[in-house]
Each structure stands twice: as structure tokens, then as C-alpha cells.
Amino acid sequence: MFNYGRSTFTWNGTLKELQGTYHSSVCKEGRRSSMAASPNSSSGLEVLLSTLQNAGDVESTLNILNVLDELLSAGTDRRIHYLISKGGSEALLKALVNTARCFSPNYTILLPLLHLLAKVGHRDRRIGMKAEDAGGVVLTLNLLKQNLENAKRAAACLWVIQVFASSVSTANLIGENCGIDVIFRLIPPYTTKNLHTIKAAINAFGAVLCTKANVCLVVSKGYISGLLRLYEDWHCKDTHHVAIAIRHALLRCLHKVTYSTAGREAFFSLGGLRLIHQTTQACLLNTALSSLVEPSVQLMRKCLPKTQLPLTSNLSAYSFPIPGRPHSDLHVNVAFGDSCEDSDEEEAEKHQETTTTENNSYDDDLETDSNKLRHRPELDRPKEALAQYNVFCPELSHDFQELDLGSEKEKSSASSSSDEDDEELCSSWSPHSPQIKESGSFQRKYSKGAGQSDSPHDFHISSTVLGTSPSVSAMPKDSRGNTSQQQNGNGHNDEQEAGDESCNKTAIDRLLERNASVIPFHDPKLYSSAASKTRSIPDFNILGFPDFWGHLPPQGHEPMAPRKPNVQRQKVLEDVQRFLNKEDIVNKVVFDLEDCGLQCPSESLKFFSKFESGNLRKAVQVRKYEYDLILNADVNSSQNSQWFYFEVSNMEPCVPYRFNIINCEKTNSQFNYGMQPVLYSVREALDGRPHWVRAGTEICYYRNNFCPVRGRKMDTFYTMTFSISFRHSDDVCYLAYHYPYSYSALKAHLKVLQKSIDPADIFFQQQTLCGSLAENPCPLVTITACPASRGWKDLHQLRNRSYIVLTGRVHPGEPNASWVMKGTLEFLCSSDPVAQSLRETYVFKIIPMLNPDGVINGTNRCNLNSEDLNRQWCKPDPVLSPTIFHTKGFLYHLNSIGRTPLVYCDYHGHSRKKNVFLYGCSVKETLWQSSVDTVGVKEDPGYRTIPKTLDRLAPAFSINSCNYLVEKSRSATARVVVWREIGVLRSYTMESTFNGCDQGICKGLQMGTRELQEMGVKFCHSLLSVSKDVKNLYSRRLINHIDLDHNTLDHTSNDCFEDDEPPCVEEIEYSKDCPAQKGADLDSDVNNNMVGSDEDEACEEEHQRNSLSPSHSSSTKSRLITQTSIGTE
């Protein structure tokens, strides 16, 4: 504390104790009669501040400063803020001006006054404006100019200038009065003297660079070069690391000056990037310098020049002619950020995570008008048009004659809707053939006979083994150009492939004979047949091997990948090294979706993505074992690049290959929290292990320096980087964002399901709801139990069952939704007693894939019209959004005939959260969250029944991540529209994580296809809780078939209240600025400045003390403290 008096002064009171009446003995003695206060007119603190402003003698002023400093130093920042609220800043500024305006200022008073002003001003947001009004800014700057040779006084002035510069106008005022030049002269090359003053000068220099004008001034005067020389000098000569704080402060200044484009250009041209990279490498070798690494890395990330993606256009490589739109307008180059959306409900969530402003924005998004929440809009089409949907309720008109007939033929025809040409293929899969429930049953040894062994290269892109017959193109021939001559990526034309068709079939047959795949509900021949009828933009004629061959979940669980410490820092430094040193850079394009004739070097990896659901636009070999990958934007769009799925081959075994996907658009990803991409090995599949497995190490996701090509203004993209070591040298592997599930796989799966059920027990009918834009059928499946007989009573029970409507895959980049749907479909068609009970209670209407075109063509978010279909539900266009238009029409129809669904659920995937959870709709909760009075608002709480049931049934389900708020920005989603317009109380979006769980028995485990399918089963189980006849459903027979083991019930979701991930351990974004100096650090610097004193200062203080009577000094200080009234804090 301050030691200006001869005796030690200690204060044990509080600020509140200064609130009592203040009877100043100074007033009684007549020294300052003008400052006398009546007992009730002012508080003690206010009198102290008033006395400080008008003090006439040194001793009284020092005593008041001592009292204030002791009071403020003993407590927390609350005391300082209280002082500010009482006009403390203004009082100190006025005292400063009054004292410093003298011809010969008294530094015995000025020094403690400046120190106290620095402490208080650092917490006062308006200190700069107050200083301008009081005339203290230029005055303090003049004091600094007068004391450049006095380290102690200069430091005090610099701290005050630093806090003044928190205001933009004040900082500009300092710059206009040559303050920047004065301050910079106080920053010398390396020295061991006056370190606190040098640090104060650097911090003050950085503080005044908060304005664009000052930054431009610094750049124009060449101070960036000086800062770089200073940093290099201090780095090289500070061998004992005693000046780390000074080096950190210099980095802060460099951050400030590189805020502008001119500053970054000057920094780069002067070799700043290389210098910081070199010094950072040295810092990494010494743990004492670890605090310098992060600001150095952030500085390099910010100043690394932006590089355009090596593309000719931002637009997708695929285009599709939209009805009613000229071909020249197909590609709409939308500004980035307007429609780059996260998974269904995440857009609003990501805006809640960082700032108060964003929180307020989220609150504003909530619908607060109860009338709008309750209002049901009019039909968006004529009521007469709803009659067309009656055909999609065959259970209401079917006569079930087969119940009285024993003919197997009639039984089969009752539920069959497959094409005749598929029936023969269906016979290759029999419901009575061995079915596998666990992947361990599929550990078959592959016997390799002489001349009969199959190599993974038989399924490489150069082979036509997995070719399909040419599909019907979705694009007119005049817009395809000559693409038909380059379909398989290696120059093979259609005529060549047609000539090999019979050979291909023979090869597939031979392959399947020797490698009999026994994957439940999957038939490779049936998949191949379905794929040949799938209409794609590029006319896919190559099958992805994993989709053709099938997938079994691997044995056991796959834990989340541990994040290697500082892995992102390592990758960023490698990126900078790549930019600075180009000796080992290959930089060769090895795959281009738009250049099928590209010759790939023999020593590089080979890539391919021209198959259903595939997405990889370009691959560039950076180093021998490193590749930059560029994803294709959504069709007719320049955005939404996140989903990837591609083939890779020609690898060396046991060598870590680094893959950088450099044009991701989301601001964060579960790849930062333990998620891994998935890998499928053809070699492993042929050896009896057809598994998609989680793979990859050194995974991280961060903002990079790549930007779009010309014509599109935006910030840079994000990199998702990971390393893979392949096990086999002669392998062909597939890598994907998540477990792929294609449209053709769905079609084949539904046909297999249809063949597996007993039509006398299960009413299963597949119909085409409508055609997509590319004329791919959108299937609608009806599942319920057949009546026990054709009697009136049984038929009446059937036709009075409640309806459950389930939809999924509106976003193509969310295949986890399809795996959950797969689990639901298979369970509802099973012989499980719970499934049987559900079929007897409900009629299930299931539309498993609302966006088939997007899934087929490998898009991430949109359909071929470049629209998010889950934002079209309010007024869907029958031509541009046919699947949504007819799904909504079908729901309208059910409502119009008195069969409003009891439950509606739209299956989705969530890329930013863990676990599985539901979003629902509630008027009361929305109003309550918006601080609207909800007294008197009545609402059926039944929307919470299913989430509560799932919380008990499903270990992966998190009830605390569920949300029932209705946001304005979500008003056009399926969940909200079905709730508001159709009147479905239990209208949900079910979100399944791409990653895994952070709670209960599944904590720390990634979710695979087994767990996703189980979630589909658990959702079916939860439907028992909303039946009208709950007691009969919850019979002992059914309870025994529902997994309610002890561990499941005790999972800890009820103890997990965090909705979103915590901040990533490393900064995903590169910061614009270096972290500012903390108030506690400034206080420490100020206090340390008073520990020692110069001889001249000591003599001056001694002279001042001798001019006063010791007894007078003691009595005055005593009266200032003890005569204040004692209050409570």
C-alpha cells in the first residue's frame, strides 16, 4: 500500500462505514469552511471525495488518498464500482487537473493520485469520456512528456493513459497529440532496467491502437517494423526469461496493428509471419515460455494470407434444371451465411453460446403472442383437393378376403407392391435363411481357392464389377453435354459398359456365391437392381461397395477418441510451415469430379466419389502423405458443404495419411469432442468383417485461411483434419462423415421387409406418395396389424385405431436419422410382443425419406432446388417441394376425416450435441421463457409423456436436452407446422447425435448403427405410454419384453443440465485481438511501482514531510477516519 507518511496506516473499515454523518474537524478548525457539511446532507465518502477535489494542503490530500486506497485494496471490485457510482472517477480527475496545472506540480500528491486513478479508471467504462470532459487527457500526456527520464513518474502517467484509451475518441485524441510517438520512444531494446515502465509503455501503446485511425498512423509511420525488431531483440536476449510479460505485451501490440488489412499486409511483407513462427518453435521447447505460444499462434492464423479454393467456381459441380426457371439462373450465388444452416433445430442454439447480445437475440426469437401460438391457419389448398390422399389409407377400405382363404398366392398378393422384375431377385433372400442378430455370428473364414480369390482392386473405380446398367438420367441430354462418355471416372463410355454388362452380372454372381453375405434385411442383388432405377444427376453407374455389400455393426462399443493435447496448435503450425517453406510441397490435383480424364500419379492415393450419396469434389496432394479435400456444395447452390463420402485406394499400409477437408462451413463440430469419421475396408469385408468402423486420430476442427473463389464475399472456411493409417496395402477403403444410408438401400430394405412379414398377421403396404423433382418415388409405408377376422367388430377396431406418423431424412447429410428409422421399421415388422401390441393399437404411416434427390446426389442440406425442405412447411410448392407438399396434404387429409395423428415425429441428426433428445411444442413454456405471465394459461402436458418415457427406457436419451419452445425462426419446420396447423399435441423432432453420449451407461461411447437402430426401437416402446388403453398395454407380458434393467433406469441424464458443449479446449476461431490485461495485473504493477523510490523522489518527500508538524499529521489522519459514522456493508 502507499507509504507516504512516516507511520504505517491501516484501515479495517468498509465503504458503507463512510455512509454515516461526517463531522470534519477540518471544518471546525476553520481551515476549509466552504466544505462543511451538515450531519444529514452528505455521506462520509462523498465528503472525502469533495474534500479531495478542493484540498489545499499536501498532508490532508495524502491522508484522503491513503484512506481511499486502503478501502479499495482490502475488498473486491464491488468497492471500486461503488466508489465510481458516487462520483469517484470525477473527483480523482478534478484533483489531478487541479494539482497538475501548477507551474511546478507536486509529485508527492500526483504519484499516488495517478496510481489510484489507474486502479479506479480501469473499472470505469466511461473513464475516457470523463477524462476528456475534465481536460485530463492532454494534461496527462503533457505530464508524460515532462517526465520521460523519470521511470517512476512516466510509468504512472502511462497507466493512466492506458485506461483513458479505453474510449475510442480518447484514443484518437491521444494519437492527434503525438501520444503514439511519445509512448513508442519509451520502448527500448532489451534491457534489465525499469522493466515495469517499459511494460507500462507497451501496454499503453497497445491500448491506443484500439482505433482504426491510430492503427493507420502506426502503419504509415513504419512502427510495425520497429515492433518486430523489438520482439526479436527481447526474444533473443531474454535468456533468463525475466521479461516474459514484456514479450507478451509486444505480441498484444502486434495483434492490435494487424487488425486492419494494411497492418496484416505490412506485417507479412516485413517477414513478421516467419519471425513469429521461428520464435514460437523456440517457445515450444521451453515450458517457461508456454504463455507466449497461444498468442503467437493466433497472430499467425490471423495474418496468414487468405487463399482461394482451387476451384473455377463456388457453384456445385452438379446442376439441375428447375421447372419454371431459366437455365442461366440455375446457380444462385447466395451470400454466405444466409442459408448455411445447421441441423434442424441448431441454428438458433449456436447463437446462444457466447455473448449477452446473442442471448437477447435468442429470446427475441421466441413467439410471445399467445394468439399466434394458438391460432390455426386456414388450409393452404382447397379442401376438395384432400380427397386424392384417401388412396394412402388402404387399411380403411381393404376387405381382407385373404383371411378366409388359405391360398399362399393370395396372401402374398395382399401386401405385395413390388415390380415383377424385382420378385425374382427378392427370392434370393428368404425370411427363413439364417439371420444374424450379433456381428459376432458373421466371423466367416473366406476360403481362397486357386484362381478364385477376390481382391479389393476388383471393386476399384477402374473395374466395372460394381457397375449398374445406365440409369435414367434426371438431366435433359442437352444440358448434360458429353458426360455420357465419361461416366465411371476413367474414360469408359456407355457402349463399353453395355458390352460388359453380362460379364458384370457373372462376376457379381460368382462373388456372392463365394462370399455369401448373410446381413439381416440386406440383399446385394436387390440393392443393385434398386440402384439401376435410381435417377441421379450425373447418371451414377458405379455402386459404392459398402452400400452394395452391406454393413454389420462391429462387436463391442467404440469409445470417443481422446483429443491429443494441443493437436490443433500442431496442425496450425504445420499449415504455416507449409506456407513458408514450399520445398516439400507437391500441390498436385489427384482427383477432380469435373475432370474425369485426369491422370492420377502412380505414387499418390486414388480417390473417387461418383456413386450414390458420394461427395468429394477435388483432392489435392499437398505432401507425400497429406491431402487437401474439397467437398461439393449442394446442387444448384454454392453452400452447405459438410457431408463427405468417398473411396480411396493405392495406399501404403501402416502409414499415417493426413486428410484436410478445407471447405467446411459450420462454426463447430463434434469432431472437436471425440467424434471420429467412419471407414469401410473392402479387404476386411471380403474377409468376413463388413463393418463401418470409427477411425482417425489427431482430429480437430478449426477455422482456416481458405476463402471462396471470386464473386462471393465471406470469411474463411473451416478445416476438419484427421489422420488415418490403413491396415492393408492392396485395399480399397471408403471414408464418410457418418454411416451412409442411401436411397437405393432404403428401396431394397423395404422390399426385403415386405418379403419377410406374414401378410396374414401384418398389414404392410408400400405406396408412392409422389415423385421428387428428379422423379424418384417417395415411398409411404403403412404398418398395422391385420384384424383377427373379417367380422364387423374386428374391422371396426382396425378402422378406429389411432394414427402415428413418422418421417425422416429431410436433410440428406443426416444419415443417422435413416438408421433410427431402419430400427423402427424392422421392429414394427418383427414378431416381438411389444411390436404386435403396437400394431394392434396403432396404424403407422411412415415416410422414411423426404428428400430422396438430396440423398442420391450427396447433398448436405437441401433438395435440387437448393432449398431446405424443412423450411417449406408453411406453404410448400407442389412443383419445387413435392414431398413436403404431399406429406402435409396427407396430414391435412387425416385431420379432415377425424384421424388426426396421435403422434408425429420427424427423425433428424444433430451435429453439435451429444445424446438423443426431442424438440416439441408448448404454448406455456414458450410464454414462460419469454417472461410473459402464464397465469391462467391451460395446456395439456401430454407432450412431455414420450420424453419422460424415453428417459427411462433409452440410455442414450437425455431429457435435459429436450426443448419445447416455439421460435419464430422455426415456424416453417415440420414440428411447428404439424403442431399448429394439424393440431397434433405430440409433434416432435427427434435429434440423434453424430457422436455419442455424455451420460449414463453409454457415457464416453460413440453411437454406432446398432445403437441408432436401438433408439428407433425405444421410440416405439415409448408409444405405449400414450395409448388410450395404457393399462392393457402395460401388461406383465409386455413389461418383460421391454428392457428396463437396473443400469438403464439409473443412467444419469437427470444430473446433466448442460444443453451444449463447453468451449473447445483450443480456439476454433482465430481471435482478432490478444487477451487484454486484467485489472488485477494492472493493480499489481501499480503497487510494485511504489515498492522502491528514486533518491530524488525520496528527498522531495522528506522535504514535504518536514514542512508539516508530525503531531498535526497524525491528528488530521485520525480525525478523517474515526469521525465517520459506522454502518453496515
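**Note on a buried threonine, a strand and some helices**

1. T807 is found in strand 17, which covers residues 802-808; helices (H or I, at least four residues) and strands (E, at least two) are DSSP runs, numbered from the N terminus. This is a predicted model, in which local features need pLDDT of at least 70 and side-chain atom pairs count only at pLDDT 80 or more, while totals for chains, interfaces and linings use all residues. Residues are numbered from 1 along each chain as its sequence is written, and side-chain values use heavy atoms, with hydrogens and water left out.

2. Is T807 buried or exposed? T807 is buried, because its relative accessible area is 0%, and buried means under 20% relative accessible area, exposed over 50% and partly exposed in between, with a 1.4 Å probe and protein chains only.

3. The side chains of T807 and Y904 are joined by a polar contact of 2.7 Å (a pair of N or O atoms within 3.5 Å; within protein, one must be able to donate a hydrogen and the other to accept it, and residues adjacent in sequence count only if both atoms are side-chain atoms). Not counting residues up to four places away in sequence, T807 touches M821, I847, L850, T887, Y904, C905, D906 and Y907, where contact means heavy atoms within 4.5 Å.

4. Strand 14 (residues 732-736) is mostly covered, with five of its five residues buried. V732, Y734 and A736 point one way from the strand and C733 and L735 the other way, and all are buried.

5. Which strands pair with strand 14? Strand 7 (residues 645-649) pairs with strand 14 in the antiparallel sense over five bridges, and two strands pair if DSSP finds at least two bridges between them. Within strand 14, L735 is the bridge partner of F646. Strand 9 (residues 678-681) also runs antiparallel to strand 14, joined by four bridges, and here V678 stands opposite A736.

6. The axes of helix 17 (residues 272-284) and helix 18 (residues 290-303) come within 10 Å and cross at roughly 155°; axes are lines fitted to C-alpha atoms, for helices over the stretch in contact, and angles run from 0 to 180 degrees between N-to-C directions. The crossing angle makes helix 17 roughly antiparallel to helix 18, a description used for angles over 145 degrees. Residues making the contact include L273, I276 and H277 of helix 17 and L292, V293 and S296 of helix 18.

7. Helix 2 (residues 44-54) is mostly covered, since eight of its eleven residues are buried: G44, L45, V47, L48, L49, T51, L52 and Q53.

Conventions. Parallel < 35°, antiparallel > 145°, perpendicular 65-115°, else oblique.
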